Amino acid sequence: MAAKDSELRVFIVSGEVSGDTIGSRLMASLKGISPFPIRFAGVGGPMMSKQGLKPLFPMEDIAVMGIWELLPHLNKFRMRLKETIEAAFLFQPHVVLTIDSKGFSFRFLKQLRARYSQQGLVSPVHHHFVAPSFWAWKGGEARLKGLTEFVDHVFCILPYEEEVCRSNGLAATFVGHPILEDVLELNLEKNTPQSEWKVKGNSEDFRSKNGIAPGATVISLLPGSRLQEVTRMLSIFSNTVELLKHSFSELTTIIHVAPNQHVKDYISRTTYNWPVSVKLIPGGSPHLKYDALSASRVALCTSGTVAVEMQLARLPCVVAYRAHFLTEWFICWKAKIPFISIPNILLDSAIIPEALLQACTPAKLASLLMKLTLDEGLREKQIVAAEKVLSLLSPPQKIIENRMPQDLRWKSPDYTPSMIGASTILYYAKPR
């Protein structure tokens, strides 16, 4: 169909900041290896817009995580879902690609497929990037079979997901964790051995430009990318810093601000009366992000992709998480693993200290951060573990080469997650 139409139409949907980065890299990779001109439509953020997407609406409109957290936004969520389905159907895509945000993505894919079925039309291929965390929930694996009705292929970012998906009838490919592409984006060696997956920023330059004294203790704070989680976590982080400020002669905090306008506005207002010196670092620049992390002694993170970024930066961190009390009750009832951060899950060990749900208090976080700041043994434990974690997040080279279609290997010397994903999408788009 793409050959007949002389173009490849891809409808792509992302509802989160991390998904916007993944989407932009996938779009760039597709444009680099597709034999046809590509036209994109869908939902995304500023990074995807730079690759040629004209978003239907701001992706922040669907950036809602949780069960009860969704209720206040339900009408807008339904309206945007209906709008996205209609736009996708009219676009007549050859490929539909959703990225994470499973609450929105799976509803969209399911209803779009039903729309095609009702019209008696052949549905485009449905891909989903970032497998749902079935391994974290009781009964999660059993629900994978239901996805086969509206998901044709899923891209996995953790090493054990592919086999489980396939055993449940869901086509899957382990592409590696997208955050590893930060290394290449920062112009480091493209053939970096797995044991050297790391990014070292310019600490001295960052401190100099931001007026941070050489002897000051710097803590990076990463409160999240969605407004709902930032509003919940930033107050906890502020109270934590209040408890820590008398323990250091000079304490500076760096807040990494996600490229989400609602989040930017909220953090700017909230930090007006911050308890210590604070620097706001805008998101969207990997160079600036890793310079700031390099200048930091420790990091305090809301649970998410950032825990892996800290591994790449070799920065010891503490992971925190709170949610609506009903969502927390649901987590306690359904969760089957004791950890929330990917490094701990992969190693099945509490390498990174976690303060979750009711245990996520300023006093607990302050205690964990003090220990991690002063105890070299604890710090080294995380730094050493990072090499193992990052090696697990990258597929072995031989396996990648065997999976890459023969006619695409010469075009993709860098077997990045986005390049593997793009080549797989094109492979599925071929008539067979």
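Author: On the α13 side of the contact you'll find Val308, Gln311 and Leu312, and they meet Gln382, Ala385, Ala386, Val389 and Leu390 of α17. Sort those residues by type and you get six nonpolar, two polar and no charged. Keep in mind as you look around that this is a predicted model.

Now for the geometry. Helix α13 covers residues 306-313 and helix α17 covers residues 376-392. The two pack at an angle of about 110°, and their axes are 8 Å apart. Angles of 65 to 115 degrees count as roughly perpendicular, so α13 is roughly perpendicular to α17.

While you're on α17, have a look at Glu380, which sits in that helix. Is Glu380 buried or partly exposed? Its relative accessibility is 43%, so Glu380 counts as partly exposed. Glu380 also pairs up in space with a residue from elsewhere in the chain: Leu315 is 65 residues away in sequence, yet the C-alpha atoms of the two are 9.8 Å apart.

There's another helix pair to set beside this one, α10 and α16. Helix α10 takes in residues 227-244, helix α16 takes in residues 362-374, and they pack at about 55° with axes 8 Å apart. That angle makes α10 oblique to α16. The crossing of α10 past α16 is right-handed. From α10, the contact uses Ile236, Phe237, Asn239, Thr240, Leu243 and Leu244, while α16 brings Pro362, Ala363, Leu365, Ala366, Leu369 and Met370. By type, this contact holds 10 nonpolar residues, two polar and no charged.

Glu328 belongs to helix α14, residues 325-334. Why does Glu328 count as buried? Its relative accessible area is 4%, and buried means under 20%. The side chain of Glu328 has a polar contact of 2.8 Å with the side chain of Arg322. If you skip the neighbours within four places in sequence, Glu328 is in contact with Arg322, Ala323, Leu357 and Gln358.

Which side chains make polar contacts with the side chain of Arg113? One is Ser123, at 3.1 Å, and another is Asp152, at 2.8 Å. Leave out residues up to four places away in sequence, and Arg113 touches Ser123, Pro124, His126, Glu149, Phe150 and Asp152.

Zoom out to finish. The chain has 432 residues, and 54% of them count as buried. Its secondary structure comes to 19 helices and 12 strands. As for contacts between residues at least 6 apart in sequence, 70% join residues at least 24 apart.

Methods:
Residues are numbered from 1 along each chain as its sequence is written. This is a predicted model: local features need pLDDT of at least 70, side-chain atom pairs count only at pLDDT 80 or more; totals for chains, interfaces and linings use all residues. Side-chain values use heavy atoms; hydrogens and water are left out. Axes are lines fitted to C-alpha atoms, for helices over the stretch in contact, and angles run from 0 to 180 degrees between N-to-C directions. Helices (H or I, at least four residues) and strands (E, at least two) are DSSP runs, numbered from the N terminus. Angles under 35 degrees count as roughly parallel, over 145 as roughly antiparallel, 65 to 115 as roughly perpendicular and the rest as oblique. A crossing is left-handed if the near helix is turned anticlockwise from the far one by less than a right angle, and right-handed if clockwise. Contact means heavy atoms within 4.5 Å. Ala, Val, Leu, Ile, Met, Phe, Trp, Tyr, Cys and Pro count as nonpolar, Asp, Glu, Lys and Arg as charged, and the others, Gly among them, as polar. Buried means under 20% relative accessible area, exposed over 50%, partly exposed in between (1.4 Å probe, protein chains only). A polar contact is a pair of N or O atoms within 3.5 Å; within protein, one must be able to donate a hydrogen and the other to accept it, and residues adjacent in sequence count only if both atoms are side-chain atoms.
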